[in-house]
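Student: Please walk me through this model slowly, one topic at a time.

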Amino acid sequence: MVFSVVMAQTDTITGRVHQLEEVTVTETQRKHTVTSTSPLHLLDRQDILTMGVTDIADALHRIPGITIRDYGGAGGMKTVSVRGFGAKHTGVCYDGIMLSECQSGEIDLSRYSLDQVDHLSLVIGDNDDIFIPARQVTAPAVLNIQTLRLPTEDKMPHLTTQLKVGSFGYVSPFLRYEQNLSSRFAFSAVAEYVYAENDYPYTIQNMTVRQHDHRTNNRMNSGYGEFSFLWNINALNRLTGKVYYYDNDRQLPGQVRYYTNVSKETLRDRNFFGQLVYQTRWSNRLSLKWLGKFNWYSSSYRDPLYQGGVNDADYWQREAYTAVALLYTPHENWSFDYSADYAFNNLNGSSGRTVVGHPRRHTILQSATVRYKNERLTVLGRLLYSLYLNDEARNMRRLSPSLSLSYRVIEDIDWYVRMSYKNIFRAPTFNENYYYHYGSLDLKPESTHQINVGTTFSNSNVQLTLDGYYNQVYDKIMAVPYNMFVWHCINVGKVEILGADATFRVNQRLTADQLLSLSGSYSYQHAQDKTLNGSTSYGHQLAYIPEHTFSGSLSYENPWLNLSVHTTGMSRRWANNEHYDDTDMDGYVEVGLTAWRQFRFGRHLLEGRFDLKNLFNHQYELVRFYPMPGRSYQMTINYKF
């Protein structure tokens, strides 16, 4: 199967770029989820449509092992953690370069548009694609967001217009323009605006009394723009680039409690980054990749109801990042990669009440990777050296090994077994080091160990994966009270996680133009606090991590009206590690319906889609006291010229 070069522009799935003029891919992305040495989960645009996915957070609910923290509504902050490690241990990669948030360490996924996504992939452990920057292996799990590819078919301009409207005042226009200016240069420009009141109803229970109310102070008003280009300089050299800007001026609804629903808090987030990726091939055996990025982020918080006056906090953070990766392939079975990264981060706040000093950090990463692959066996080994140099906090350096393998059990059948081990660590965030009366300059990094054993199977109609895992976190950073008003972060925590993930896909073609598809996932996570035997939290399930989560979808594609019914759910959780009385959160099951139809007029394509969410109007929470919306709808009209 042959793709033009832009199809492998920043391909984090296959990593098989042999030449820049034309790329031959011997494994499809879908098959690679079966052959991968570590768990790899993929959702492409067809999955997003047939599974009834409406945003990135909704997409991640369909992947096993993921826990989403969602503060409700279109504008609510959404962060992701994988297999009990926590959001700070989950990396997010956008078109081949990692996103960064040095202040809190958590990436808010609500700011990235699903309409610009070509596919999402989650790698748990090490990526089989070894031609990547060292930074992409510094987390136990990495979510890769790959945006839409640039056009290759002709030099005509291509315009996509879209309008979404939905419940609770939701409206979102989207525009994408793309064109090949020559046989070697293509570009795209994207803009999206989202407005939502998010004043959805909810019910709160107090003993035998039920109170009905609406969310207040929950307006979202955001927009973003993105410009991307691809320049095939010649058969051996390629340059890609991206400029991105995001602005969200939103209200923060606060917690819902009985007899009170008052909040005037506001938050404005702004983010700008520009990035370049240059790739060249010196011979059939030697390739080089260079990456550069500048990132700027600001947040401005206001609370006019704060006791004693207005509470405000402004933060500005900046990052300069560059990386070089060198790939050497002396033989068709052997590949070697050396990658070196450097990043500079700094942060400043509006006053000394929020952050101590002006934190600065220099990060130097180096990784050496070897991969052996034949028709049945793949073995991958990696060493990562990490050096963090801080102005005031302690410096940190570690050597982190990882090893993974995949073996085809029967030569002519796509049945594989895989095993992997990875040791990695997380440096403290700037909040954990420098936040006033909270941070500590003496913190050590959190160290993690993850072991995975699994099996995968695939044929023309069925794909199955099953993985069992055991994870450990040492020197976990926890906040403990110094006195009644001051808390400090210290290294005292130890966590053990035992779990299993399973996925399945079944396709059955009824006729030439009718297809029935069934897919699902299940995850079991037993994540226990093992810090101090006899403590109030020892042996308890970690806060907000359910033991059981699941998802499923059934779609029927036909010439008349495509239909999909889908569901997600999870078991009971706790809002704290101590499991105090009345802090448990009920499990839930949410069911949705999607209907869509496409009409083609020559080279023009019109698509209409209707989503009905939370069909049975079930009230639930993903974060305590932040109710999620009940039954709602969303209508989408998309027209491509």
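Student: What does Phe-504 count as, and at what relative accessibility?
Tutor: Phe-504 counts as partly exposed, because its relative accessibility is 30%; buried means under 20% relative accessible area, exposed means over 50%, and partly exposed is in between, with a 1.4 Å probe and protein chains only. Please keep in mind that this is a predicted model, where local features need pLDDT of at least 70 and side-chain atom pairs count only at pLDDT 80 or more, while totals for chains, interfaces and linings use all residues. Residues are numbered from 1 along each chain as its sequence is written, and side-chain values use heavy atoms, with hydrogens and water left out.

Student: OK, and where does Phe-504 lie?
Tutor: Phe-504 lies in strand E27, where a strand is a DSSP run of E with at least two residues, a helix is a run of H or I with at least four, and both are numbered from the N terminus. Phe-504 is also one of the residues of a nonpolar patch on the surface, among them Leu-464, Val-506 and Leu-593, which together have about 650 Å² of accessible area. For such a patch, residues need over 30% relative accessible area and no salt bridge; nonpolar side chains (Val, Leu, Ile, Met, Phe, Trp, Tyr) are joined within 5 Å, and like charges within 9 Å. The areas come from the Shrake-Rupley method with a 1.4 Å probe, and for residues only the protein chains shown count as cover.

Student: Which strand gives the largest share of that patch?
Tutor: The largest share is 3 residues and comes from E27, while E27 (487-511) and E28 (514-529) each supply at least two residues.

Student: Zooming out, what does the secondary structure of the whole chain come to?
Tutor: The protein chain has 4 helices and 37 strands. Its C-alpha atoms fill a box of roughly 65 × 60 × 45 Å along the principal axes, and 56% of its 641 residues count as buried. The radius of gyration is 24 Å, which agrees with a compact globule of 641 residues, for which a value near 26 Å would be found; this radius is taken over C-alpha atoms, and the globule rule is 2.2 Å times the number of residues to the power 0.38.

Student: How many residues has the largest nonpolar core?
Tutor: That core has 32 residues, and those with the most contacts inside it include Ile-56, Ile-66 and Leu-122; a core is a set of buried Ala, Val, Leu, Ile, Met, Phe, Trp, Tyr and Cys residues joined through side-chain atoms within 4.5 Å. Among the elements that give two or more residues to this core are helix H3 (56-60), strand E4 (66-70) and strand E16 (237-251), and E8 gives the most, with 4 residues.

Student: And what does Ile-66 touch?
Tutor: Leaving out residues up to four places away in sequence, Ile-66 touches Leu-60, Val-80, Ser-81, Val-82 and Leu-122, where contact means heavy atoms within 4.5 Å.

Student: New topic: how many salt bridges does the structure hold?
Tutor: The structure holds 25 salt bridges, each being a side-chain nitrogen of Lys or Arg within 4 Å of a carboxyl oxygen of Asp or Glu. One of them joins the side chains of Glu-319 and Arg-135, at 2.5 Å from N to O. This pair links distant parts of the chain, 184 residues apart, with Glu-319 in strand E19 and Arg-135 in the loop between E8 and E9.

Student: Are Glu-319 and Arg-135 buried or exposed?
Tutor: Both Glu-319 and Arg-135 are buried. Another bridge, between Arg-250 and Asp-269, has 2.8 Å from N to O, and here Arg-250 in strand E16 and Asp-269 in strand E17 are 19 residues apart. Arg-250 counts as buried because its relative accessibility is 5%, and Asp-269 counts as buried because its value is 2%.

Student: Which residue forms a salt bridge with Asp-391?
Tutor: Asp-391 pairs with Arg-360, their closest N and O atoms being 2.5 Å apart. Asp-391 is partly exposed, because its relative accessibility is 41%, and Arg-360 is also partly exposed, because its value is 37%.

Student: Last one: where is Pro-151 found?
Tutor: Pro-151 is in the loop between E9 and strand E10 (158-166), and it counts as buried because its relative accessibility is 12%. Pro-151 and Leu-230 are 79 residues apart in sequence, yet 10.0 Å apart in space from C-alpha to C-alpha.
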